[in-house]
Amino acid sequence: VVTSLGEVEQGNKFDTVIVNGLPVHNTEEVDLKLEHLVETYLKPGGIMYVFGEGPLINVEHNENGPGEQVFDEILGLLNSVKSLFGVHPEKPPTASFLHRTISRLGLNVVTSTTFPTPYTFDDVTSYLEEAVEWIDEMDTTQQRVSQEMKRSYYQLCSDLLYRVEDLKEEGYEEVYTGGYEYMIAAQLPNNNSDDDGGEE
C-alpha cells in the first residue's frame with residue numbers, strides 16, 4: 001500500500017487508487033488531475049475511488065426553510081467580506097460533474113453515492129464567527145473600506161446571530177443546505193495487461 005505519490009516508482013501502476021480531495025476553484029484542474037491519475041497510476045482492471053464534499057449549497061435542493069435562508073445569508077456575507085481581501089469562494093466540483101468526467105475518461109462507474117451533510121447551528125455560527133474575524137482585519141485607512149462599511153458588516157453579523165438564536169429557541173436543531181459528501185467507485189476496463197501492480 002502506497003499512501004503518497006512521492007513514494008511511487010516511475011511506471012508503477014496499481015489495482016486501487018484512492019482520491020480524497022480535488023481542486024476547488026477550477027473544473028479544468030479537476031479534469032487534468034483525474035486524467036493524470038488514471039493514465040499514470042491506475043492499472044487496467046483497477047478501481048479508482050473518489051471521495052470528497054460537494055458544494056455547501058446545492059442549487060438543485062428545493063427546501064428553503066428559515067434555517068436554510070439564514071445559512072445562505074451568512075455564507076453570502078462571509079464571501080462578500082473575503083472578496084475585499086481578494087479571497088474567492090471555493091466551488092468544489094459536484095458529484096454529477098465528477099461522474100461525467102470519470103466516464104469520459106473511459107472508466108465504468110460502479111457506484112456513485114452521496115450522503116447529505118446537515119449542519120448544526122453551532123456549525124452555522126462558526127461561519128458567522130469567521131466573518132467577524134475577517135471584518136476585524138479590515139483596514140479602514142484603505143480607500144475602498146470605510147468605517148461605515150465596517151460598522152454595517154458588524155451590524156449584519158449581529159442581526160444574523162439574533163436570527164440564529166431565535167431559530168434555536170424555536171426548536172430548530174439542524175440546517176440542511178443541500179450540501180453532501182460523495183463516494184464514486186469506477187473501474188478502468190481490463191485490456192489483458194499482465195503488468196504487476198499494487199495498491200495506492
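1. A salt bridge joins the side chains of Asp-31 and Arg-104, at 3.1 Å from N to O. The term requires a side-chain nitrogen of Lys or Arg within 4 Å of a carboxyl oxygen of Asp or Glu. Asp-31 belongs to helix α1 (residues 27-41) and Arg-104 to helix α3 (residues 95-104), so the pair ties together parts 73 residues apart in sequence. Helices (H or I, at least four residues) are DSSP runs, as are strands (E, at least two), numbered from the N terminus.

2. The model is predicted: local features need pLDDT of at least 70, side-chain atom pairs count only at pLDDT 80 or more, and totals for chains, interfaces and linings use all residues. Residues are numbered from 1 along each chain as its sequence is written, and side-chain values use heavy atoms, with hydrogens and water left out.

3. Asp-31 is partly exposed at 22% relative accessibility, while Arg-104 is exposed at 53%. Here buried means under 20% relative accessible area, exposed over 50%, and partly exposed in between (1.4 Å probe, protein chains only).

4. The count of salt bridges is 5. One of them joins the side chains of Arg-163 and Glu-73, at 2.7 Å from N to O. Arg-163 is in helix α5 (residues 147-169) and Glu-73 in helix α2, so this pair ties together parts 90 residues apart in sequence. Arg-163 has 31% relative accessibility and is partly exposed; Glu-73 is also partly exposed, at 38%.

5. The axes of α2 (residues 66-83) and α4 (residues 121-136) come within 9 Å and cross at roughly 25 degrees. Axes are lines fitted to C-alpha atoms, for helices over the stretch in contact, and angles run from 0 to 180 degrees between N-to-C directions. α2 and α4 are therefore roughly parallel to each other (angles under 35 degrees count as roughly parallel, over 145 as roughly antiparallel, 65 to 115 as roughly perpendicular and the rest as oblique).

6. In the contact of these helices (heavy atoms within 4.5 Å), residues of α2 including Phe-71, Leu-78 and Lys-82 meet residues of α4, among them Leu-128, Glu-130 and Trp-134. By class, the contact has 13 nonpolar, 1 polar and 2 charged residues. Nonpolar covers Ala, Val, Leu, Ile, Met, Phe, Trp, Tyr, Cys and Pro; charged covers Asp, Glu, Lys and Arg; the others, Gly among them, are polar.

7. Lys-82 and Glu-130 form a salt bridge, with the closest N and O atoms 3.8 Å apart. The pair links α2 with α4 across 48 residues. Lys-82 is buried, at 16% relative accessible area, whereas Glu-130 is partly exposed, at 27%.
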